[in-house]
Amino acid sequence: METNYQRVTQLHLTYLENIVGPERLSTGKSNLELHSHDESHHRAVEPEVVIWPVSAQEVSEILKFSNQNRIPVTAWGAGSSLEGNPIPVKRGIVLDFTQMNRILEIREQDFQADVEPGVIYKDLNQKLRHKGLFFPPDPGAAATIGGMIANNASGTRALRYGATRDNVLRLKVIMADGEMIEVGTRASKTSSGYRLLDLFVGSEGTLGVVVEATIRLRGLPQEFSAAVVSFPEVGDAARAVFEMLKGGLEPAALELLDAETARLFKEDSGIEAPVSPLLLIEFHGPTTSYTSELVEMAREIAEGCGAEVFRSGIGRQERDNLWKTRHSLAEIIKRVNVGRKALSTDVAVPISSFPEMVAFASDEVRKAGLPGYVFCHAGNGNIHVVMMGREGDQAEWASIWELSNKLVKQAVSLGGTCSGEHGIGIGKRKYMAEEHGRSVAWMRKIKDLFDPNHILNPQKVLP
Ligand SMILES: Cc1cc2nc3c(=O)[nH]c(=O)nc-3n(C[C@H](O)[C@H](O)[C@H](O)COP(=O)(O)OP(=O)(O)OC[C@H]3O[C@@H](n4cnc5c(N)ncnc54)[C@H](O)[C@@H]3O)c2cc1C
């Protein structure tokens with residue numbers, strides 16, 4: 001359905017200003033520009049107005065008005081997405097949640113917190129540290145809980161603690177017509193009714209706008225053991241990942257870097273490691289003897305797969321540095337490739353196909369002959385290939401797009417997905433039919449039911 005959206009008029013602005021006051025609404029050039037792009041290569045589009053709500057009531061009134069007037073509304077967290085997810089392609093209103101950022105309640109006994117969507121997960125974890133708790137999903141960037149829920153973000157710890165979806169229990173959502181509903185429960189398990197909560201998680205703000213979430217917390221691990229392991233070939237490292245999981249080891253993190261990424265990782269972190277494919281492994285547990293035993297088992301498996309160097313016994317400071325650098329890889333890659341833009345792929349495959357998929361990806365990067373980096377949330381079979389193309393160089397970008405298409409086709413043919421964690425946004429819509437077949441038509445029916453006028457984050461997710 002092609003919707004005829006209305007442009008935002010002075011009359012509209014006056015009405016909206018009555019809801020939030022003049023200081024939390026802006027049509028200023030710099031604010032529009034700031035909300036025109038995320039961290040992806042996708043084309044920037046400026047909204048017509050940016051609004052900073054501070055309550056569910058305000059969000060409800062804004063959506064009701066926008067729905068009646070067919071004005072597009074796109075929710076905004078920190079704008080750190082990698083697929084154009086929050087770019088307001090049909091302009092209209094951007095709802096920026098950064099001022100709706102209160103931690104409403106921490107219930108230590110229940111391992112739960114109620115938060116507003118604009119809370120930055122890193123800030124939350126700083127507060128929780130003193131209570132011996134943490135919220136595990138860790139996308140690395142300074143993302144908001146609302147943006148993480150909408151993208152179903154994850155990261156290095158998803159292997160043990162799950163993605164955001166697995167750590168959200170209950171949501172308050174404002175629907176397109178302004179009605180507020182609550183979905184989910186504070187109980188840790190439920191068999192009650194259709195699970196609407198799961199429709200909102202990962203929907204990228206296209207079905208409703210989250211104004212409050214009850215999230216699941218975990219106890220901070222008492223002890224950890226980390227190891228850095230090098231392999232002659234990326235395929236050997238991928239095989240070791242498969243063997244470790246098959247052997248029943250349950251690492252908290254299991255990350256793979258190809259040799260080129262390992263070189264940047266080593267230079268930036270100063271961590272002692274050869275410039276060859278690396279596995280970064282971490283185990284969590286109640287005692288050091290428990291985690292050390294797991295590391296020794298991992299050593300045996302890794303050496304059986306051809307590991308050349310196995311460094312364990314890493315102290316807390318070096319380990320913190322290791323994960324800080326791992327989380328900064330995308331930025332480090334951009335820094336060393338001045339004048340180029342990044343395209344990041346995000347395919348994921350069943351773990352048995354992971355070695356084949358990694359070998360395929362590395363081979364394609366080599367054939368493309370452009371700066372390219374392969375790094376993976378290996379334990380989840382989730383592979384990022386970051387390709388760097390010169391801005392405006394059509395030939396380079398044609399080969400980057402071709403590579404990206406090939407990776408998605410290969411992943412889907414192996415029973416996998418075009419997106420393990422970044423979401424569909426603008427960039428992956430074209431793969432939805434290939435991956436989901438006839439169920440895309442049912443996704444459309446859900447969209448039509450929840451948002452009949454298609455005002456919520458238009459032209460995202462569905463092709
Ligand atoms: C350096 C770097 C590393 C990254 N690493 C990872 C990684 O390891 N794993 C990973 O998963 N991601 C990663 N990302 C991507 C990104 O950080 C995540 O997708 C994150 O969840 C986006 O959160 P945000 O607050 O920036 O949301 P935004 O980008 O602002 O928005 C994301 C989506 O959520 C919607 N939205 C925002 N708030 C709401 C709300 N209240 N209600 C409904 N919809 C809403 C938006 O409309 C949009 O569709 C990385 C990004 C960068 C820049």
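These notebook entries record what I looked up in a predicted model.

**Entry 1: a strand pair**

I began with strands β8 (residues 168-174) and β9 (residues 180-184). They run antiparallel and are joined by five bridges. I looked up K172 and found that its bridge partner in β9 is E182. I then turned to the hairpin that β8 and β9 form, where five residues lie between the strands. In this hairpin, G178 takes a positive phi near 100°.

I located E282 in strand β14 (residues 278-285). Is E282 buried or exposed? Its relative accessibility is 4%, and because buried means under 20%, E282 counts as buried.

I next asked which residues E282 touches, leaving aside its neighbours within four places in sequence. The contacts are F224, S225, A226, P251, A252, A253, R319 and W323. With R319 there is also a polar contact between the side chains, at 2.8 Å. I noted as well that E282 and E250 are 32 residues apart along the chain, while their C-alpha atoms are separated by 9.3 Å.

**Entry 2: salt bridges**

How many salt bridges does a search of the whole structure find? I recorded 36, and I examined several individually.

*K428 and E83.* The closest N and O atoms of this salt bridge are 2.4 Å apart. K428 lies in the loop between α14 (394-413) and α15 (432-436), and E83 in the loop between β3 (73-76) and β4 (93-96), so the pair ties together parts that are 345 residues apart in sequence. I checked the accessibility of each partner. K428 is buried, with a relative accessible area of 4%, and E83 is buried at 2% relative accessibility.

*R239 and D236.* In this salt bridge the closest N and O atoms are 3.5 Å apart. I found both residues in helix α8 (residues 234-246), where they are three residues apart, about one turn of the helix. R239 counts as partly exposed at 35% relative accessibility, whereas D236, at 16%, counts as buried.

I then followed salt bridges that share partners, and found that they join E105, R107, D110, D114 and R186 into one network.

*E105 and R107.* Within that network, I looked at the salt bridge between the side chains of E105 and R107, which is 3.1 Å from N to O. E105 has 39% relative accessibility and counts as partly exposed. R107, at 13% relative accessibility, counts as buried.

Note on methods
Residues are numbered from 1 along each chain as its sequence is written. This is a predicted model: local features need pLDDT of at least 70, side-chain atom pairs count only at pLDDT 80 or more; totals for chains, interfaces and linings use all residues. Side-chain values use heavy atoms; hydrogens and water are left out. Two strands pair if DSSP finds at least two bridges between them. Helices (H or I, at least four residues) and strands (E, at least two) are DSSP runs, numbered from the N terminus. Buried means under 20% relative accessible area, exposed over 50%, partly exposed in between (1.4 Å probe, protein chains only). Contact means heavy atoms within 4.5 Å. A polar contact is a pair of N or O atoms within 3.5 Å; within protein, one must be able to donate a hydrogen and the other to accept it, and residues adjacent in sequence count only if both atoms are side-chain atoms. A salt bridge is a side-chain nitrogen of Lys or Arg within 4 Å of a carboxyl oxygen of Asp or Glu.
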